Amino acid sequence: MFYLIQLLNAVQYGLLLFLLASGLTLIFGIMGVINLAHGSFYMIGAYLAYWFAKLTGSLWLAIPIGIVIAFAIGLLLETAIFSRLYKRDHLYQVLLTFGLILIFEELRSILFGDEVHGVAIPALLDYSIPLTDTLSYPVYRLFITAVCLAVAGLLYFVIHKTRIGMMIRAGTSNREMAASLGVNIPLLFALVFAVGMCLAAFAGAIAAPISSVFPGMGNQILIICFVVVVIGGIGSINGAMIASLAIGFADTVGKVIAAEYSAIAVYLVMALILLWRPQGIANKA
Amino acid sequence: MIPITLPRTVLIAVGLAAALFPLIGATFYIQLGAKIMIMAIFALSLDLLVGHTGLVSLGHAAYFGVAAYALALISPKYEAANLWLTLPAAMVVAALTALIIGFFVVRTAGVYFIMVTLAFAQMLYSVFHDTKLGGGSDGIYIYVRPELIIAGFKPLDLENPVQFYYFTLILLVFVYAFLHRVLHAPFGRALAGIRLNEQRMRSIGFSVFAYKLGAFVLAGVLAGLAGYLAACQFGFVNPDILAWQQSGLVLMMVILGGMGRLHGAVLGAFSYVLLQEIFSAPALLGAYAKHWQLGMGGLIVMIVLVFPHGIGGFLDIALRRISYRRPSGARTDGT
Amino acid sequence: MKLNHNINRRKFLTATALLGGSALLPKPFAFVQAQKVRVGMMLPYTGTYAQLGTAITNGFKLAIAERGGKLGGRELEYFTVDDEAEPAKAPENTNKLVQRDKVDVLVGTVHSGVQMGMVKIAKENNTLMIIPNAGLDAATGALCSPNIFRTSFSNWQPSYPMGKVLADRGIRNVVSLAWKYGAGEEAVAGFTEGFIKAGGKSVRGLWIPFPNVEFQALLTEIASIKPDAVFVFFAGGGAAKFIKDYAAAGLRKNIPLFGSGFLTDGVLDATEEAAQGLETTLHYADGLNTKRDRDFRSAYYKAYTFAPDVYAVQGYDAGLLLATGLDAVKGDISKRKEIIAAMEKAKIDSPRGAWTMSKVHNPIQDIYLRKVIARENKFVSVAHKALADPARGCKM
């Protein structure tokens, strides 16, 4: 029974990771931009949720408000800064987004302070279901799992069954060709970037009650995100899903069985994939 | 392409100023100066890789950290280690690490190279952070600095801040001169060729893999030297010195100072540490001093967007060695 | 071209002169301020321990304010550094206070890993240092030094008595969980020692990297092991989260949770219902009901509109200790030997109860058993009277 519960833990963590990684893989795959500031987007989402939940007293209100703000910030960032990076060397993308991380961290410190904050679980979901005679499972975590699955389904639908999704997929495989066929690339890019940021912010917002809101929370999760994107395949949503679940599983099981080596193993797999199948699991060579 | 260099008179003037500095500075600033020089060696090593060979590594701190940990692990607990033994040992450890990792990563290119160097560095970080090899997240302390003894005679006492400063200065000058020679030698020219057009170099008959690996290992060894000195200076190593933030930081220094120029790397290290001190001095900025990274981040964004040649580039324009060019930089890796 | 060279040489020489000049600046300033005692506060004001850093600072400054702002007739000048609970920057940050600001006394810090760095620099420079929290065993153990004092505890101290408390209740198998760093490891070691000595059978250690707060997988693991009890070490923001997660997982019903007092000190506002009934051991408690404690609490509340916790008391006692030292030499900070002698013999009239310094400069103090009732850690009984840390490895 406990193995099943650990599996549940792994899936919940993996799905949350997917939410975050999907944004990163889209930005990376379609625009070709290495965005180190993606972790900061996660943090922004969490802090916005914390702030508005405190202000309005309701997390249900705070999350949509946060998403709208994140979308606006995303559009602004894209047009002002990121659009200049598309033709630049990856080196400059790394550096600029690295600088952005510093800026966001300090803005966070100025606006919200440096303490660790808790975010209250909405009253509706604040109870636990007993699973065994000793262990109960918090319903909010089940809620997160369900929401992530829903978003994953929505993403899949949009990418594979709509026109916009078709344009996105075209842009991922050949940007110039797509542009010459009449796709409005600048607009598409701006939208994709803003959506990517929203996905990250949304992940941060719904995770806030279970992970707390604290300085540096973006940096911690950023590297794992990159691992997921690389293993799954840059630009592939399907790959991101497979890789997120795999990493979620490795992390959860690793914590319990071999805490010392689980992180090393994860990075080793990332390195091996890069060396022998750099396109990732889900992409064709 | 001839690497951009400073006129000899300028180099001598700077060297002289650096040598005379300890006579007028307070101890804190002498230690700061030593720290700047250690970072300069680190930045020089990365510049060889990024600026001259065109290999963008986001995991360079791995070799810096591995050498530092080597010193910490080899040093006896409460006595001084022997510099003649530990320094070469640390550099050999860094070289081996770079060789092994390089053997795998140098095959890749472009964005994959960036990611895989990051992956290996994080792997090493996890080794020191999670396993019992290092002291875990708390790190390891080196209580006594290594000793420099020649035939029973001690020419330099590294515990003395001024002497440590001079020791570091001598090493920096040596590394700078060494790299200067290397870059003007056939090996360096080949690296420049690889940076500009790898395909062409391969078609001419150069073993591109060997040259890139060579550059990678050389850069790793020099980073190891910097790491060793850093461990000496504050007597402390901790997994954070291997983390991606540290790799990003040294990359930032290289760009800040001006990529592809040796004096750029030194300038970058100097400017970064100086700016950090200035931005974080409560005496100057009061309550906002604690948010110094805001200024630093803003500066980096500005440099990338507006002036990617960095401070060194600015200097070179003043010296009229290059003309001003707006950033256009089409990507050369085909992604 | 010749003109350009001249400009550049000048530029460099000017820059160097400016740098050299700025390096000279602190000296004249130091002379003017020679009258004030320079106190360097190195504490966390960011992250999971931010609250603790603030509480310690408040306590310390309250002690000084109660004496009219002057110790031994001299005023204090503060230099503050936020150590962010990051060991990597510890030696550099401490060095800033010691070399750049030339402080006379170092006060800090909270995180044991950071404390190691401070101890190293303080020993190298022979700076007087008072530790207001970090329980690093070695600070008054293998790394002890005449110029280092502590007004808080050693990591071993508050956890050791809990071992006997649990063993006496018939508990035989325990799972321990803590952050994997110096303080966590030493706390669990202290508990294990006391537990096994008093008849306990086994302690299975689970760990989580500092300052990670994703406990879910480990809570599931604890449920599957089904021990008699769980002993934990967490503090600050992480402690609040753990208490809530443990309760949400329904474990409170069948597997009783215990910890050293840091689990429940300063977090009761954040944990609300989840913490009720938790028992912990610590060298301070609410409801001690001595006059000294009541006076301290009302003074603290008046000054800061927060109830004080153990961290505030430790900071307060650090102020008292420094006062004892400086009063003995009438403010002459250069009389190091006399200051140390006075501090060694000090009997600190602390809100936690009077305590004295052990030979290795760590408090010899009572450890109390407390229980969480409403928003307080109510005193239940004395778990161990006048407990001194064994100071293993100290050659003082």
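Modeller: Two residues are in contact if their C-beta atoms, placed from the backbone, lie within 7 Å. By that criterion, 41 residues of chain B are in contact with 34 residues of chain A, and everything said here refers to a predicted model.

Biologist: Which element gives the largest share of the side of chain B that touches chain A, and what is that side made of by class?

Modeller: H5(B) gives the largest share, with 13 residues, while helix H5 (110-130), H10 and helix H13 (292-306) of chain B each supply at least two. Since Gly is counted among the polar residues, the class totals for this side of chain B are 26 nonpolar, 12 polar and three charged.

Biologist: Why are H4(A) and H10(B) called roughly perpendicular to each other?

Modeller: Helix H4 (residues 90-112) of chain A and helix H10 (residues 244-257) of chain B pack at an angle of about 110°, their axes being 10 Å apart. Angles of 65 to 115 degrees count as roughly perpendicular, and H4(A) and H10(B) are therefore described in that way. The residues making this contact are A:Val94, A:Leu95 and A:Phe98 on H4(A), and B:Gly248, B:Leu251, B:Met252 and B:Ile255 on H10(B). Six of the residues in the contact of H4(A) with H10(B) are nonpolar, one is polar and none is charged. The crossing of H4(A) past H10(B) is left-handed.

Biologist: What makes E2 and E6 of chain C edge strands?

Modeller: The open sheet has six strands in the order E2-E3-E1-E4-E5-E6 (chain C), and E2 and strand E6 (148-150) of chain C each pair on one side only, which is what places them at the edges.

Biologist: How do you know that E1(C) and E3(C) pair, and in which sense?

Modeller: At least two bridges are needed for two strands to pair, and strand E1 (residues 37-43) and strand E3 (residues 74-82) of chain C have seven, in the parallel sense. C:Met41 stands opposite C:Thr80, and C:Arg38 has C:Glu77 as its bridge partner. Strand E2 (residues 70-71) of chain C is joined to E3(C) by two bridges and runs antiparallel to E3(C), with C:Leu71 partnered by C:Arg74. In the hairpin of E2(C) and E3(C), two residues lie between the strands, and C:Gly72 takes a positive phi near 60°.

Biologist: How confident is the predictor in chain C, and where does pLDDT stay under 50?

Modeller: The mean pLDDT of chain C is 88, with 91% of its residues at 70 or more. Over residues 1-33 of chain C, however, pLDDT stays under 50, and the model has 28 contacts beyond four places in sequence for them. For the complex, the predictor gives an ipTM of 0.87 and a pTM of 0.87.

How values were computed: Residues are numbered from 1 along each chain as its sequence is written. Chains are lettered from A and ligands numbered from 1 in the order in which they are written. This is a predicted model: local features need pLDDT of at least 70, side-chain atom pairs count only at pLDDT 80 or more; totals for chains, interfaces and linings use all residues. Axes are lines fitted to C-alpha atoms, for helices over the stretch in contact, and angles run from 0 to 180 degrees between N-to-C directions. Helices (H or I, at least four residues) and strands (E, at least two) are DSSP runs, numbered from the N terminus. Angles under 35 degrees count as roughly parallel, over 145 as roughly antiparallel, 65 to 115 as roughly perpendicular and the rest as oblique. A crossing is left-handed if the near helix is turned anticlockwise from the far one by less than a right angle, and right-handed if clockwise. pLDDT is the predictor's confidence in each residue, from 0 to 100.
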